[in-house]
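Biologist: I have the sequence and the model open. Can you walk me through the fold?

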Amino acid sequence: MNLYIGNLDVNITRERIRTMFAQHGLVEEVSIVSDRLTDQYRGFGSVKMENDGEAEQAIRAINGRIMDGRRIVVMESPRSTHPNREDNNNELRWWRRHV
């Protein structure tokens, strides 16, 4: 299951996120979105977890946790919810409404 993680500090590391989620299950991949021009992290990303039950447990445990003075947002990614959707414009609109 793919999870959206938001409201991250711009100085966060992939390893720190991996460690946080690994407490709840096997983490396959961690990605953090960065600005194309400055290469600075933009404060959100995703975590891919192998087991859906472990991913749901991670959502319950981590969503709303304070990290570096920020309340972290964790939810199922819209790509996991709609795996056949290829329309990126609709997905971008979903992100803007829900984040």
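Modeller: Terms first. Helices (H or I, at least four residues) and strands (E, at least two) are DSSP runs, numbered from the N terminus. This is a predicted model: local features need pLDDT of at least 70, side-chain atom pairs count only at pLDDT 80 or more, and totals for chains, interfaces and linings use all residues. Residues are numbered from 1 along each chain as its sequence is written, and side-chain values use heavy atoms, with hydrogens and water left out.

Biologist: Where is histidine 24?

Modeller: Histidine 24 sits in the loop between helix 1 (14-22) and strand 2 (27-34).

Biologist: Is histidine 24 buried or exposed?

Modeller: Histidine 24 is buried, at a relative accessible area of 13%. Buried means under 20% relative accessible area, exposed over 50%, partly exposed in between (1.4 Å probe, protein chains only).

Biologist: What is histidine 24 in contact with?

Modeller: Contact means heavy atoms within 4.5 Å. Leaving aside neighbours within four places in sequence, histidine 24 is in contact with Met49, Glu54, Gln57, Ala58, Ala61, Ile62 and Arg65.

Biologist: Now the sheet. What is the strand order?

Modeller: The order is 2-3-1-6, in an open sheet of 4 strands with antiparallel pairing. Two strands pair if DSSP finds at least two bridges between them. Strand 2 and strand 6 (73-76) are the edge strands, and each pairs on one side only. From one strand to the next, the twist averages 20°.

Biologist: How does helix 1 sit on the sheet? What does it touch?

Modeller: Helix 1 packs on the sheet and touches strand 1, strand 2, strand 3 and strand 6. Its direction makes about 140° with that of strand 2. Axes are lines fitted to C-alpha atoms, for helices over the stretch in contact, and angles run from 0 to 180 degrees between N-to-C directions.

Biologist: And helix 2, which strands does it lie across?

Modeller: Helix 2 lies across strand 1, strand 3 and strand 6, and runs at about 155° to strand 6.

Biologist: Back to the pairing. How many bridges between strand 2 and strand 3?

Modeller: There are 6 bridges, in the antiparallel sense. Serine 31 has serine 46 of strand 3 as its bridge partner.

Biologist: What about the core? Which residues touch the most other members?

Modeller: Leu3, Ile17, Phe21, Val47 and Val74 do, out of 20 residues in the largest nonpolar core. A nonpolar core is a set of buried Ala, Val, Leu, Ile, Met, Phe, Trp, Tyr and Cys residues joined through side-chain atoms within 4.5 Å. Strand 1 (2-6), helix 1, strand 2, strand 3 (41-49) and helix 2 (52-62) each give two or more residues to this core. Helix 2 gives the most, with 4 residues.

Biologist: Take valine 47. Where is it, and what are its contacts?

Modeller: Valine 47 is in strand 3. It counts as buried because its relative accessibility is 1%. Leaving aside neighbours within four places in sequence, its contacts are Met1, Asn2, Leu3, Ile5, Ile17, Phe21, Val27, Glu29 and Val30. The C-alpha atoms of valine 47 and glutamate 29 are separated by 5.7 Å, with the two residues 18 apart along the chain.

Biologist: And isoleucine 17, what is it in contact with?

Modeller: With the same exclusion of neighbours within four places in sequence, isoleucine 17 is in contact with Ile5, Leu8, Ile12, Val30, Ile32 and Val47.

Biologist: Which residues of helix 2 are buried?

Modeller: Ala55, Ala58, Ile59 and Ile62 are buried in helix 2. Down the axis of helix 2, the buried residues fall within an arc of 100°, so they line one face of the helix. The arc is that of the directions from the helix axis to the C-beta atoms. These buried residues of helix 2 pack against strand 1, helix 1, strand 3 and strand 6.

Biologist: What about the ends? Which residue caps the N-terminal end of helix 2?

Modeller: Asparagine 51 does: a side-chain oxygen lies 2.7 Å from the backbone nitrogen of glycine 53. Just after helix 2, glycine 64 takes a positive phi of about 90°.

Biologist: Which residues other than glycine have a positive phi?

Modeller: Among them are aspartate 39, with phi near 65°, and aspartate 68, at about 55°. Most residues other than glycine have a negative phi. Aspartate 39 is in the loop between strand 2 and strand 3, and is exposed, with a relative accessible area of 58%. Aspartate 68 is in the loop between strand 4 (66-67) and strand 5 (70-71), and is partly exposed at 41%.

Conventions: A polar contact is a pair of N or O atoms within 3.5 Å; within protein, one must be able to donate a hydrogen and the other to accept it, and residues adjacent in sequence count only if both atoms are side-chain atoms.
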